[in-house]
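Student: Please take one residue and go through its surroundings closely. Then set it against the rest of the chain.

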Amino acid sequence: MACRLTLTATARAIQTVSRHHVIAPSLTQLMSSLHLQKSSSKHHYSTTPPTQKIYSINSDLSEAEIQKIIDAEIKKMDEEAAAKLYPDWKPGQRKRPLVTSYRLEDFEEEASGAPRWTLRDKRCGALAIKLGMMPVWDGWGERHPCTILYLDNNVVIRNKTADSPDGYTSVQIGAGERREKHIKKPQLGTYNKYGLEKYPYIVREFRVTTDKALPPEGSRIHARHFAPGQNVDISGISKGKGFQGGMKRHGFKGMPASHGTSKSHRAIGSTGQCQDPGRVFKGKKMPGRMGGVRVTKQNLRIVKIDRGRNLIYVKGAVPGNKGEFVEIRDAVKRPLFGTDKVEGGKDSSFPPLPTFPYEEGVDGSGEVGFEVMMPMQEEDPLEIIEDEAA
């Protein structure tokens, strides 16, 4: 690649110098120049440095002036190549100027130069306890089966930055409470180092992509950290089912229920071929231990938030047993920020950074009456629309 760039730069220098009635360097000089460029990064063990000469015909320019023109062309090409690398670009953002769009707002955002929250950006999450499920009815009377999650004493233990010895940006969150006699001495020393009043039951780390998403150390993360109507990803340890057969574990059809089948109705059937290859391939779906692994449910929508009691009502099922901790993060695929489905509408293109401005006596107060529902749709979902053609 370096040889090709040097040859091109030399050719462009030839065109530049030819305007001054200079015939280009000879082929020997071109090869010598290429050799110097290739060997510039190598060690020269000889005491005599390599010499370089430029041969020209019918030229009034000196060798130094011709070499200066060649160096200028090479520098110009290096600058053009560096301009195509987009040093300030981040994944999820647009590289080139916007040309076509169906929304006028896209061109306004492009002209303003304001920062955008992309799918690659991350902020701090939270730890919650799964309490169970219950139905929730919205203003239209539509029923939503929801899982209730309780944010139990989420405290920011420490922040890691890219400039620190850790080398990356993240937030450590502690939740719950544990007695001092049940904590190991090294872990207890870490808690005392950061001045924690209550020792957490569980500690997890959340990666963030900007320093603006770092909440102050010692601050609390309440349920209002998330916006009503947004989508979240929830991770937890699924329920352990023990050793299960192929029908329950993988959804196999099983063997026939009659017609000569004897005592093998729930068998998985054939597991391989004949003498060739003469073995069962690795990864074959067979009976085995089921559940008890880390599972992430994506794009679960927040139906309601109880600010006083730190409860989050999430539509759908959440992995894990009741009473177990789960991790809540903003959805990676469809967070719904900047849409009419999230509180704030199109003005909510950014999530609360680093977190929501909490109100004293409301968030985490334990009082009822501070519930926030997700935005309702304009049309009645239960209305029956008759077909005009009928």
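**A close look at Asp233**

Tutor: This is a predicted model. Start with the contacts of Asp233. Leaving aside neighbours within four places in sequence, Asp233 touches Thr296, Lys297, Gln298 and Asn299, and also Glu327, Ile328, Arg329, Asp330, Ala331 and Val332. Asp233 itself sits in strand β7, which covers residues 231-237.

Now the charge. Asp233 is buried, yet it has no salt bridge. The nearest side chain of opposite charge belongs to Arg329, 7.9 Å away. A salt bridge needs a side-chain nitrogen of Lys or Arg within 4 Å of a carboxyl oxygen.

Next, the largest pocket. Its volume is about 1,200 Å³. The lining counts 38 residues, and Arg116, Trp117, Thr118, Leu119 and Ser349 lie nearest the centre. The largest share, five residues, comes from α4.

Last, the whole chain. Its secondary structure comes to six helices and 13 strands. Of the 390 residues, 33% are buried, and Asp233 is one of the buried residues. Take the contacts between residues at least 6 apart in sequence: 71% of them join residues at least 24 apart.

Key: Residues numbered from 1 in each chain as written. Predicted model: local features only at pLDDT ≥ 70, side-chain atom pairs only at ≥ 80, totals over all residues. Heavy atoms only, no water. Helix = DSSP H or I, 4+ residues; strand = E, 2+ residues; numbered from the N terminus. Buried < 20%, exposed > 50% of the residue type's maximum accessible area, 1.4 Å probe, protein only. Lys, Arg positive; Asp, Glu negative; His and termini not counted. Contact = heavy atoms within 4.5 Å. 1 Å grid on protein atoms, 1.4 Å probe; cavity = no way out; pocket = protein on both sides within 12 Å on 5 of 7 lines; lining within 4 Å. Points joined across faces, edges and corners; volume = space filled by probe spheres on them.
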